[in-house]
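Subject: Structure handover and notes

Dear colleague,

Here is the structure I said I would pass on.

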Amino acid sequence: MSNVLLAAGLVASLLSAAPAAAALPACSSPPSDRELASGAMRHDLSREQLYFVLPDRFANGDRANDTGGLPGGRTDNGLDPTSKYYYHGGDLPGVIDRLDYIQRLGTTAIWLAPVFKNKSVQGAEPWASAGYHGYWVTDFTQVDPHFGTEAQLKELIAKAHSRGIKVFLDIITNHTADVIDYAERADGYRSSGAFPTLDKEGRPVDLTAIANQNAARGGSSWPDLTVDSFPYTPVFRTPSDATAKSPSWLNDPTLYHNRGNSTFEGESSVEGDFFGLDDLATQDPRVVKGFEEVYQDWITRTGVDGYRIDTAKHVDMAFWRQWAPAVKSHATRRGNADFFMFGEVSSADPAVTSPYVTDGKLQATLDFPFQSAARSYVSQGGSARALADLYAQDYRYTTARTNAYGLPTFLGNHDMGRFGGFLRTDNPGAGPAELLSKDRLGHDLLFLTRGQPTVYYGDEQGFTGAGGDIDARQDLFASKTDSFNTDEVIGGSPGSADRYDPTAPLYRHIAGLAELRRNHPALADGAQVERYAADGPGVYAFSRIDAGQRIEYVVAVNNSPEAKSVSLDTFSAGMEFEQLYPAAGSRKTSAADRKLTLSVPPLSSVVYKAADRVAGAAASPRLTLRTPADGSTGTVTIAADVAGGGFDQVFFAARVGNGTWQKLGAADNGSYRITHDVGGVPRGTRVCYKAVVKDPEGRLRSTTGSFTTGVATSKAPPPAPPASGASPSPGVDATAADVHWIDQETVAWKTGQLPSGASAQLVYDPSGRLRVEHGALNKPGYWIRLGPEPGGLTPEQLARYPHLQGYSAFKVDRRDLSRAGLARRSQLLATQHAPDGTLLNASGVTIPTRPRP
């Protein structure tokens, strides 16, 4: 059965259980206004300043560990400081030695690239490369000797904590090092639609559907799989590879997808090998439980404060729904209720990144949408509307436990490249002064807007780089790599030198911004209310305000090469505002209409602070609720309109059917919206909402609303199926007999070449109930996989069966030969499937009993 049909069946079963429209429950017994408005506006961590370190390239504190204790040359132990592809000697002792340098920058949390034991070298010369970056893990239970010891990791965490600095470990659940090969000697991606995973009996199984069910019901069911179940047959290159990984469960090849290399599109993004690395079947309950234990154990052993999760986008969502709460609960039991996890979801679209927060239960994702908008605005001189469009989607991240204020924001990184490199690429004619101004402006935007700013090591020293990946991983210590030593340095000079200079222009600029945020916490996680966005290059302006202090800050950034004057709304009339940044002293007063006029220098930013608290209106503001239209399903948006333009907070709750009321979250940025996933709710269910607005004086007002799911009154009913109950698709004729199974291993088929990515198979059913309905099989059946035989039928075969001249030849997959006898005694069809699971062809099968004369 195709995935589409399976999904349709599940939906049909839900719809059949829907309550009658006449029995819809009333929206009764909502939480009181005070109870709902008591919800938190900020959660876990929202005021951190992160510093992202690649230990190998940051500082070498112990030269004795440079080779990781391994003998031989660079292809054995991975060490070659002259090559950007190999280890350079940096380590955990080096990070410990430079904690003063990190702290003076204003850092409150260090994010360490993975420090777990890696496969030292992968590939063969001239394409060999070392695991200096930490993302090719073989042993998830110990520190890589190239970086030091577990005792030194604990020492780093303890010494950072003594300075008030947290430590986040970079972790991986998507893949391991490349240890598994394929017996087929191919690695092109094979989709689940055309090449489903088969259980031990040969039945196609939908691993993602099973994982989703397990996550929803707290189950651990899983099909019985063998190494022969997969599109490719996993094998080990050497006997030692079979036990190369730790924990030992990672050595079981049936815990991997075995589908070939990802194309980074569609399902391959989750089930494909990430550039050849062994892709774990994270749908499997054993993998979920195994990684829960691995990363819970690191919390217990080290007291680490959080995890940055690599390649989170390439792991199925059911894994996150189970894994994230389990790890978070463990940290809470260990005394760290603010344990923070943020995932790498590489996309500039908040609609793609936010579900890992709202559905996947992570606290945050790395803010790739911010990075894209910031580059567009600062480096490329784009419209301020790009920033407005970005922040207009912040509501997508809001839940009762998190929101966009916790997102780690950044300008560049070790994969895409450095911000300084983007500045050079985007502004080829710019001189040193302009590049420095733009770099400062980028960091202004990073530090003055919502989110938790992340500085990539070396950016504070003006590093640029010739590109992304290996070219953006320079040594902060005196480098022996020629290409690193010729890179342009913004605000400095190229060359081989230790670069821990606290007087470097960008270091001082970032440290100053950090101090500004520290002295004025509203600039860290106060509400961000948009005031102005130029339709083109120019000013982007906004207010920041903390609900407790109620002091308004007005921030304006200008990417234009010319000074700009703007008139902005504020929360107060006749309020005096004092300039804080870039220098203190200037004062301005808002007009009677609450407008404040500011002049913003070219490629610069300004920050003003109100002299007094924002006052509330004479009465609590009017509130209206906009609910989804009847018939809506999936992820819906609920919005509240608040009159008056004051600083207000809106809290939302929902009740589905006869269930209990649940808090959805809150909004305070002037655009009061929130999302709610009702995709699994049966049709005809009434969903009730309540919204409460709280003004600066603490006064409350509320309203309710509702809608009914799945009543699509504007759509015509679907046409009835034909009376026969079957509607064959073009090319699908199961009554034909264009296929001949002429011997145990050979099938002759009167068909053309298979379309790209498609598959051929014999499908059998011992019960005899297999048929084609509406262009698809009515049940999955049992599969005998077929592979095209490029040479066609042999002369001997054609001599025995001359009537098969011109037929294509297919070989029965050797892995399925043991079931061939049962298949030949069963009801049997020959089918072809497209990569998306569409049935392309179906035919009856003839099994000759004797050759024709």
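The notes below cover a sheet, a pocket, the aromatic pairs and some backbone details.

This is a predicted model, in which local features need pLDDT of at least 70 and side-chain atom pairs count only at pLDDT 80 or more, while totals for chains, interfaces and linings use all residues. Residues are numbered from 1 along each chain as its sequence is written, and side-chain values use heavy atoms, with hydrogens and water left out.

Sheet

Helices (H or I, at least four residues) and strands (E, at least two) are DSSP runs, numbered from the N terminus. Two strands pair if DSSP finds at least two bridges between them. An open, antiparallel sheet is formed by 4 strands in the order S30-S29-S32-S33. Strands S30 (662-667) and S33 (700-708) are at the edges with a single partner strand each, so one side of each has no neighbour in the sheet. On average, neighbouring strands of this sheet are turned by 20° against each other, direction ignored; the axes are lines fitted to C-alpha atoms, and angles run from 0 to 180 degrees between N-to-C directions. Strand S29 (residues 649-656) and strand S32 (residues 686-694) run antiparallel and are joined by 8 bridges. Val-656 has Val-687 in S32 opposite.

Pocket

A pocket here is an open set of points on a 1 Å grid over the protein atoms alone, where a 1.4 Å probe fits, with protein on both sides within 12 Å along at least five of seven lines; lining residues have an atom within 4 Å of a point. The second largest pocket holds about 1200 Å³ of space, the volume being the space filled by probe spheres set on the points, which are joined across faces, edges and corners. Its lining has 49 residues, and Trp-136, Phe-274, Phe-275, Leu-277 and Asp-469 lie nearest the centre. By class, the lining residues of the second largest pocket are 18 nonpolar, 15 polar and 16 charged (nonpolar: Ala, Val, Leu, Ile, Met, Phe, Trp, Tyr, Cys and Pro; charged: Asp, Glu, Lys and Arg; polar: the others, Gly among them). Strand S9 (residues 180-182) gives the largest share of this lining, 3 residues.

Aromatic pairs

Rings of Phe, Tyr and Trp (its six-membered ring) pair if their centres lie within 6.5 Å; planes under 30 degrees apart are stacked, over 60 edge-to-face and the rest tilted. The whole structure has 35 aromatic pairs. One of them, Phe-140 with Phe-291, is edge-to-face at 5.3 Å centre to centre, with 70° between the planes. Phe-140 is in strand S6 (residues 137-143) and Phe-291 in helix H10 (residues 285-302), 151 residues apart. Phe-140, at 1% relative accessibility, is buried, and so is Phe-291 at 0% (buried is under 20% relative accessible area, exposed over 50%, partly exposed in between, with a 1.4 Å probe and protein chains only). Phe-264 and Phe-274 have ring centres 5.5 Å apart and planes at 90°, so this pair is edge-to-face.

Backbone

Phe-264 is partly exposed at 33% relative accessibility and has a positive phi of about 65° although it is not a glycine. Phe-275 also has a positive phi, near 50°, and is exposed at 65% relative accessibility. The peptide bond from Glu-125 to Pro-126 is cis, with omega near 5°. Ser-246 and Pro-247 are joined by a cis peptide bond with omega about 5°.

Regards
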